[in-house]
There are 2 protein chains.
Amino acid sequence: MSELDTPPVGTSASADLTPEELQLAARNHGMPLEALRYDLTPAGLHYLLVHYDIPEAAPDTWHLEIGGAVDRPLTLDLHALQSCREFSLPVTMECAGNGRARLHPRPVSQPWLFEAVGTARWHGTRLRPLLESAGLRSDALEVLFTGADRGLEGGEEQDYERSLPLAAALDEDVLLAWGMNGAPLPPQHGYPLRLIVPGWYGMCSVKWLRRVTVLTAPYRGYQNERAYRYRQEREEEGEPVTRIAPRALMVPPGIPEFMTRNRFLRPGECLLEGRAWSGHGAIARVEVSDNGGRDWSEAALDAPVGSRAWHRWSYRWDARRPGDYELCCRATDVTGEVQPLHPVWNLGGYAVNAVQRVLVTVTAA
Amino acid sequence: MSELDTPPVGTSASADLTPEELQLAARNHGMPLEALRYDLTPAGLHYLLVHYDIPEAAPDTWHLEIGGAVDRPLTLDLHALQSCREFSLPVTMECAGNGRARLHPRPVSQPWLFEAVGTARWHGTRLRPLLESAGLRSDALEVLFTGADRGLEGGEEQDYERSLPLAAALDEDVLLAWGMNGAPLPPQHGYPLRLIVPGWYGMCSVKWLRRVTVLTAPYRGYQNERAYRYRQEREEEGEPVTRIAPRALMVPPGIPEFMTRNRFLRPGECLLEGRAWSGHGAIARVEVSDNGGRDWSEAALDAPVGSRAWHRWSYRWDARRPGDYELCCRATDVTGEVQPLHPVWNLGGYAVNAVQRVLVTVTAA
């Protein structure tokens with residue numbers, strides 16, 4: 001099968017979603033792609049993935065413990081945290097599983113197509129000064145972040161927790177956030193406190209954050225060692241999933257058919273627009289194709305919404321000729337990494353950043 | 001197959017979801033059931049169903065036309081509307097398709113399990129005084145509400161629009177809303193203006209409302225005549241889907257397994273709680289079963305959150321004995337209507353209000 005022979009619509013070729021995947025798809029949600037029009041994704045449109053349940057938060061008794069390999073362990077309540085120097089930053093966040101449902105065979109988990117992304121301005125304070133004031137020991141290696149959400153996964157009962165290499169945790173843009181787009185965090189996004197790790201997939205940005213533990217040995221817990229690794233076979237150790245691979249998405253033009261989401265457009269010039277981002281740095285170029293990826297044209301690229309957030313792109317598409325088109329867009333970041341034309345399989349379905357494909361019928365005038 | 005022989009988990013017995021259904025499930029979203037703990041559902045947790053795309057709103061140029069069979073057609077901009085007498089009301093809203101994915105065979109559309117519900121306080125002004133000031137003609141029969149969202153459905157290109165019988169449109173609690181839970185409407189919930197029809201399924205509460213047209217003959221458009229009707233076969237005329245059937249839901253107790261959402265609980269007494277509502281009036285009773293509906297016990301029922309909103313209910317469950325349980329809850333409203341134990345099929349999958357079933361394992365201490 002050649003690269004251009006795969007099914008044209010951006011969905012799984014198989015149609016055998018399990019009841020378990022449906023339960024996840026009904027709870028969690030993506031960002032409807034027309035919301036790419038906003039620099040900052042409004043509350044409720046930002047993608048959401050919750051591993052276990054949204055915990056009930058008691059802000060008056062909430063506190064954050066900073067401990068482990070530090071000289072002076074800290075316990076901070078919300079008031080103390082909010083007395084720290086404020087910092088806010090627009091951050092594009094994407095789920096590591098975005099694109100998973102386009103694989104064949106499809107890894108059974110939250111079945112994302114394209115839409116597990118969003119950009120918010122997160123309000124809080126930088127993590128680094130707090131770690132420094134706790135006094136990092138010289139043998140510190142990783143930092144573990146523990147949330148208040150608890151469940152079973154892979155047969156293990158666990159608090160949701162993820163570790164970061166020390167250097168990543170000390171990035172000046174990592175923040176402890178209590179606000180989103182100028183309002184308090186919504187419960188589902190981590191109220192009253194969450195971690196934000198710009199540039200890394202969303203599983204690092206631990207919600208309902210209760211504990212920060214500095215480690216002197218690699219963390220061996222479920223979410224680092226078993227989940228979120230690139231593997232071809234279950235027995236492999238695999239490589240950890242870390243930074244966000246480049247991706248461009250477009251606002252689907254015209255109007256949709258309710259069920260298929262296929263698009264219909266009156267003939268004429270059509271301004272295609274969307275967003276592009278990468279966790280490895282800025283976007284260098286975005287290209288657009290109207291014939292399924294055979295020919296590509298350069299899109300105009302705006303400055304990013306912030307140093308850790310997406311760019312808007314646009315392209316004047318000549319859609320004067322009625323007919324069926326398969327629109328694609330693809331991003332290349334400053335490191336030279338470019339999106340593949342078709343999904344590249346891995347066991348967990350992580351970082352599946354193949355180009356978006358949108359079927360559009362230009363109707364008769 | 002006896003009533004108690006159907007598959008215990010509250011999902012479709014079939015596992016063959018189509019790519020089209022997955023696309024809808026990724027765009028739209030339910031309310032994670034732990035959010036039943038809130039009297040008012042926070043932004044982003046309220047269920048969302050959008051037929052076409054979320055339109056881009058220009059609040060400065062937005063206006064509402066009130067016309068058709070009236071003596072004095074009105075055109076009101078947002079400022080004029082917001083100068084009208086304010087009115088706000090907590091309203092429980094549910095999608096008519098809630099429960100659809102539990103049918104077998106499953107009608108192919110947005111695949112809801114249990115979670116297409118939410119309660120918000122909607123802020124705006126009453127519709128009735130505006131209709132009266134426009135001067136309803138004596139032959140007025142229905143009122144048609146037209147949104148700004150446009151798409152194809154059933155082969156017809158259309159603005160989303162739905163008609164209400166005149167008496168329903170004149171209900172004093174019907175409102176034109178520009179706010180939700182004390183904030184402006186989010187884009188996905190109809191910014192800058194939507195209709196709210198308490199007690200009726202959500203398809204009546206037209207979002208992005210642009211036009212109100214008083215009709216002197218029954219409306220024959222797609223969303224009233226073809227969609228949203230109770231039918232057994234496609235050729236039938238069927239009965240219109242109108243008010244919300246009674247339903248109770250519980251916050252699933254204990255902690256979940258990520259993929260199956262099955263629940264695990266330490267032994268002891270467990271406070272089960274949830275919400276119950278009906279579009280036909282208040283809830284008269286809620287019952288709970290821990291053996292799949294064989295035996296039922298009465299739950300405590302709180303006063304409703306408002307005259308058009310859900311009640312909280314609670315029940316002290318004796319969960320001291322380790323083992324597997326199938327928890328159910330069911331509501332009866334003041335008209336005597338009670339939820340069925342198992343889904344009752346109809347072609348569109350509307351008002352499938354069979355009791356919720358939650359598998360819980362009480363673990364060893």
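Predicted model: local features only at pLDDT ≥ 70, side-chain atom pairs only at ≥ 80, totals over all residues.
On α1(A), select A:L22, A:A25 and A:A26; on α1(B), select B:L22, B:A25 and B:A26. These residues make the contact. An α-helix has 3.6 residues a turn, so residues three or four places apart point the same way. Now colour the contact by residue class. The contact of α1(A) with α1(B) has 6 nonpolar residues, with no polar and no charged ones.

Stay on α1(A) and select the whole helix. Is it mostly covered or mostly uncovered? The helix is mostly covered, as 9 of its 9 residues are buried. Among the buried residues are A:P19, A:E20, A:E21, A:Q23 and A:R27. Part of what covers them is α1 of chain B.

Now zoom out to both chains. How many residues of chain B are in contact with chain A? There are 50, and they touch 50 residues of chain A. On the side of chain B that touches chain A, select α1, β5 (142-153) and β14 (255-256), the elements that give two or more residues to that side. Helix α1(B) gives the most, with 7 residues.

Finally, colour this side of chain B by class: its residues divide into 27 nonpolar, 11 polar and 12 charged.

Technical notes: Residues numbered from 1 in each chain as written. Chains lettered and ligands numbered in written order. Contact = placed C-beta atoms within 7 Å. Helix = DSSP H or I, 4+ residues; strand = E, 2+ residues; numbered from the N terminus. Nonpolar A, V, L, I, M, F, W, Y, C, P; charged D, E, K, R; others polar. Buried ≥ 20, exposed ≤ 12 C-beta atoms within 10 Å, placed from the backbone.
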